[in-house]
Amino acid sequence: LHLLQPIARRFGVCWENDSLDFATITLAVWHINQLMYYLSPEFLQNPVEQGKSKGRILLFPSLGSQHTLGVFMLAEFFRKSGWEVFADPALSEQDIFSVLGQKDFQVVGISIGSYDQKKSTKKLINDIRRMYGPTLKIIIGGPLAFCESNLYHEVKADGQAADAKEAVLLADSLLSEKKIPVKS
C-alpha cells in the first residue's frame, strides 16, 4: 500500500503527461503485477477464519477501463480483511449484471480511472440501483476518485475511498451501519 500504490499512481501521471512511453509503462506495470502475485501468499498469511466471511463484494474497473492493477490490489486487501471477493478487470455491462444476479453481494466496488468514465459509471450505478435497490451498497475508488474528493456524490455512489485500507473500512462501515444480512 505504501510502496506499490504510490508507484502505480506515479506511472499513471507519467502516462497522462506523456513523459514515459507505452512500452516503459507496460513493463513497469507488469513488474508491479508480478510483485503482487509474488507477495500474495505472504500478504494472505493469517487470513480471517474460513467460513467467517464479512460479506461478499464485487470489484471491477469502470466500463472500458484498462487500469486493472488497482482492482487486483484492492481484492487482496478485501480478502485479507475477511471478505469474499469476486474481482474481474474485464467485465462488460452484461457480465456485471449476470454476476450480480448469481450471488448475493452486499457491496459493489468500482474503480474509476478517468474523467471520460464519469458519465458511464453514473449510468451504471443508476442501473444497478434500479435493479437491486438501495440495500446493495456501491463504493468507488481509483485514480479519478483520488483526485476528486466528492466524486461519489456526482456518480451517486454510497462512498468513496482513496486507497485500499480506506475502501475496506468504508465497506465494513456500510455493512454494519445498515445491518445488511450476510447470506452464505
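**Entry 1: the pocket lining.** I began with the largest pocket, and found that α1 (4-16), α2 (22-43), β1, α3 (69-80), β3, β4, α6 and α8 (164-178) each supply at least two residues of its lining. Helices (H or I, at least four residues) and strands (E, at least two) are DSSP runs, numbered from the N terminus. For the pocket I used a 1 Å grid over the protein atoms alone: a pocket is an open set of points where a 1.4 Å probe fits, with protein on both sides within 12 Å along at least five of seven lines, and lining residues have an atom within 4 Å of a point.

I also noted the ground rules: this is a predicted model, where local features need pLDDT of at least 70 and side-chain atom pairs count only at pLDDT 80 or more, while totals for chains, interfaces and linings use all residues. Residues are numbered from 1 along each chain as its sequence is written, and side-chain values use heavy atoms, leaving out hydrogens and water.

Which element gives the most to this lining? I found that α1 does, with eight residues. Of the 49 lining residues, Ala8, Gly12, His67, Thr68 and Pro143 are the closest to the pocket's centre.

**Entry 2: helix α3.** Among the buried ones I listed Leu69, Val71, Phe72 and Phe78. After α3 comes Gly82, whose phi is positive, near 105°.

**Entry 3: the cores.** I then turned to nonpolar cores, sets of buried Ala, Val, Leu, Ile, Met, Phe, Trp, Tyr and Cys residues joined through side-chain atoms within 4.5 Å. The largest has 22 residues, of which Leu58, Ile110 and Ile140 touch the most other members. The largest share of this core, four residues, comes from α4. A second, separate core of 19 residues includes Val71, Phe77, Ile139 and Ala167.

Leaving aside neighbours within four places in sequence, Ile110 is in contact with residues including Phe60, Thr121, Leu124 and Ile140.

**Entry 4: Lys118.** Is Lys118 buried or exposed? Lys118 is buried, with a relative accessible area of 16%. Lys118 lies in helix α5 (residues 118-132). Beyond neighbours within four places in sequence, Lys118 is in contact with Leu144, Glu148, Leu151, Glu154 and Val155.

Conventions
Buried < 20%, exposed > 50% of the residue type's maximum accessible area, 1.4 Å probe, protein only. Contact = heavy atoms within 4.5 Å.
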